[in-house]
Amino acid sequence: MAEVMVPNPRHVRLKQLLAQAEDEARQLRQAYLPAIHAMSSGTVWTGPTARKWSADLQERQHQLLRIAQRVTSAVEEELRHHPPMVTETMANAIRHEMAGRA
């Protein structure tokens with residue numbers, strides 16, 4: 001008789017981690033926008049130093065977004081290696097392994 005299939009605890013945790021990473025990426029996209037918009041309005045600070053600072057700020061935002069995308073992609077890749085459902089015996093083994101790493 002086939003063993004009962006249950007949700008894979010690792011798959012569940014990775015889905016949670018993916019949701020968290022996507023939420024953090026959304027927050028990163030928004031975090032710099034007020035300063036970037038204010039600087040590009042030309043009413044807050046002007047001149048060569050202001051333009052340099054604004055360009056640096058935009059570059060920092062792009063760097064953070066690229067890093068966030070790499071994290072999200074890495075979690076998605078790892079998720080593809082773990083099926084959503086496993087046998088109950090396998091789920092117990094996975095939970096035991098995950099508890100040992102915590």
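This is a predicted model: local features need pLDDT of at least 70, side-chain atom pairs count only at pLDDT 80 or more; totals for chains, interfaces and linings use all residues.
Helices here are DSSP runs of H or I with at least four residues, strands are runs of E with at least two, and both are numbered from the N terminus. Hello everyone, and thanks for coming. Residues are numbered from 1 along each chain as its sequence is written, and side-chain values use heavy atoms, with hydrogens and water left out.

Let's start with helix H1. Leucine 14 sits in H1, which runs over residues 9-31. H1 has 23 residues and reaches 33 Å from its first C-alpha to its last, close to the 33 Å expected at 1.5 Å a residue; the expected span is 1.5 Å times one less than the number of residues. At the N-terminal end, asparagine 8 is the cap, with a side-chain oxygen 2.9 Å from the backbone nitrogen of arginine 10. For such polar contacts, we take pairs of N or O atoms within 3.5 Å; within protein, one must be able to donate a hydrogen and the other to accept it, and residues adjacent in sequence count only if both atoms are side-chain atoms.

Which residues of H1 are buried? They are Pro9, Arg10, His11, Leu14, Leu18, Ala21 and Ala25. Buried means under 20% relative accessible area, exposed means over 50%, and partly exposed is in between, using a 1.4 Å probe and protein chains only. These buried residues pack against strand S1 (5-7), helix H3 (48-80) and helix H4 (88-101).

Leucine 14 counts as buried because its relative accessibility is 11%. Apart from neighbours within four places in sequence, leucine 14 is in contact with Val75, Glu78, Leu79 and His82, contact being heavy atoms within 4.5 Å. Histidine 11 is buried too, at a relative accessible area of 14%. Histidine 11 and proline 84 are 73 residues apart in sequence, yet their C-alpha atoms are 5.6 Å apart in space.

Further along H1, glutamine 27 is partly exposed, with a relative accessible area of 44%. Its C-alpha atom is separated by 10.0 Å from that of leucine 65, 38 residues apart along the chain.

Now, the pocket. A pocket is found on a 1 Å grid over the protein atoms alone, as an open set of points with protein on both sides within 12 Å along at least five of seven lines, where a 1.4 Å probe fits; lining residues have an atom within 4 Å of a point. The largest pocket has a volume of about 160 Å³, that is, the space filled by probe spheres set on the points, with grid points joined across faces, edges and corners. Its lining is made up of Arg10, Arg13, Leu14, Leu17, Ala74, Val75, Glu78, Met98 and Arg101. The elements that give two or more residues to this lining are H1, H3 and H4. Which element gives the largest share of the lining? That is H1, with 4 residues.

Last, the aromatics. The structure holds 1 aromatic pair. The rings of tryptophan 45 and tryptophan 53 have centres 6.1 Å apart and planes at 55°, so the pair is tilted. Rings of Phe, Tyr and Trp (its six-membered ring) pair if their centres lie within 6.5 Å; planes under 30 degrees apart are stacked, over 60 edge-to-face, and the rest tilted. Tryptophan 45 is partly exposed at 37%, and tryptophan 53 is partly exposed at 38%.
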